[in-house]
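Me: I'm new to this structure and would like to learn how to read a few of its features. Could you walk me through them?

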Amino acid sequence: MPPVNERIDMLAQDAEEVIELQLDNCNSGGAIADVNISEKFTRLKRLHLCNSNLRKLDKFPALPSLRRLELADNRLDGGLENLLSLPSLKTLNLAGNRIKDLKTLEPLKELEELTTLDLLENPVCTSDSGYPDAIFDLLPQLVYLDETDREGNPMNEDEDEDDGDERELGSDEDLDEYEEDDLDEIVEDENADASELGLLDEEDEGEALFDNLDGEIDADEQIDDDNDDDDDDADSRERSKRTHEDDAADDLGESDGREKRLKSDRSDSNEIGFVDDELDDIEEAPL
């Protein structure tokens with residue numbers, strides 16, 4: 001197994017999440033077909049295989065998202081038609097290989113997104129083919145060749161960063177972004193918890209208010225009951241007073257009756273005594 005596959009196998013489990021593969025200076029074994037870059041790397045945008053002893057591009061994997069391919073300092077002399085499985089390819093670096101003529105580059109005309117090509121240190125650069133204008137004529141979609149445009153102006157660094165909004169999986173920037181996102185989620189969770197606590201507090205306050213109202217109502221009812229009891233006691237005392245007064249009146253009436261009866265008895269006794277005295281006087285009178 002080519003040593004380059006050792007790195008690839010480490011990322012195979014997360015192939016769908018990998019954005020960039022750095023495989024420079026790893027021995028490929030000579031053919032891209034022997035490298036375990038499968039079509040599972042669906043999000044792969046940048047692939048680096050510089051100085052990897054590549055000689056053939058046969059069976060290059062279909063990578064629909066790939067935008068940058070670095071193949072500098074290998075032994076490639078053709079086979080560029082195998083790159084047509086990369087429809088999104090924008091930047092291609094073939095510097096330091098063995099490309100000899102324009103015909104070898106013709107398959108690149110099919111890559112409509114290709115805007116940047118590097119062919120420095122290839123035999124085609126020193127031939128009498130009219131390089132570099134002939135390359136611009138052959139590939140009209142090109143904007144930069146060997147880091148300059150058709151007028152010889154250097155490539156803008158910002159334009160070289162063709163996919164600067166994407167970063168290599170696991171980079172420090174990704175980690176920082178992850179930590180920021182994680183912190184935002186924690187803050188949102190805490191805010192949500194605080195809101196829930198606030199609602200709970202409001203519910204508790206509402207329950208306490210109802211409890212207070214119930215307590216006040218119970219107190220009012222108790223006061224009313226006490227007032228009713230006081231009224232009942234007052235009525236009872238009034239009835240008792242009246243009963244005592246009636247009893248006293250009755251006693252007074254009976255006493256008056258007895259006194260009247262005594263007076264009557266005395267009067268009767270006096271009358272009887274008077275009659276007796278008269279009878280005695282009649283009996284004593286001489287005949």
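Me: Where is Pro132 placed?

Reply: Pro132 is in the loop between strand 5 (116-118) and helix 2 (133-138). Helices (H or I, at least four residues) and strands (E, at least two) are DSSP runs, numbered from the N terminus. This is a predicted model, where local features need pLDDT of at least 70, side-chain atom pairs count only at pLDDT 80 or more, and totals for chains, interfaces and linings use all residues. Residues are numbered from 1 along each chain as its sequence is written, and side-chain values use heavy atoms, leaving out hydrogens and water.

Me: What kind of peptide bond joins Tyr131 and Pro132?

Reply: Most residues other than glycine have a negative phi, and most peptide bonds are trans. Here, the bond between Tyr131 and Pro132 is cis, with omega about 10°.

Me: What is the phi of Glu121, and where is Glu121?

Reply: Glu121 is not a glycine, yet its phi is positive, about 60°. Glu121 also lies in the loop between strand 5 and helix 2.

Me: And Asp146, where is it found?

Reply: Asp146 sits in the loop between strand 6 (144-145) and helix 3 (157-160). Its phi is positive too, near 55°.

Me: Is Asp146 buried or exposed?

Reply: Buried means under 20% relative accessible area, exposed over 50%, partly exposed in between (1.4 Å probe, protein chains only). Asp146 is buried at 14%, whereas Glu121 is exposed at 67%.

Me: How many disulfides are there?

Reply: A disulfide is a covalent bond between the sulfur atoms of two cysteines. With the cut-off that the sulfur atoms lie within 2.5 Å, a search of the whole structure finds zero. Cys26 is buried at 9% relative accessibility, and Cys50 is buried at 13%.
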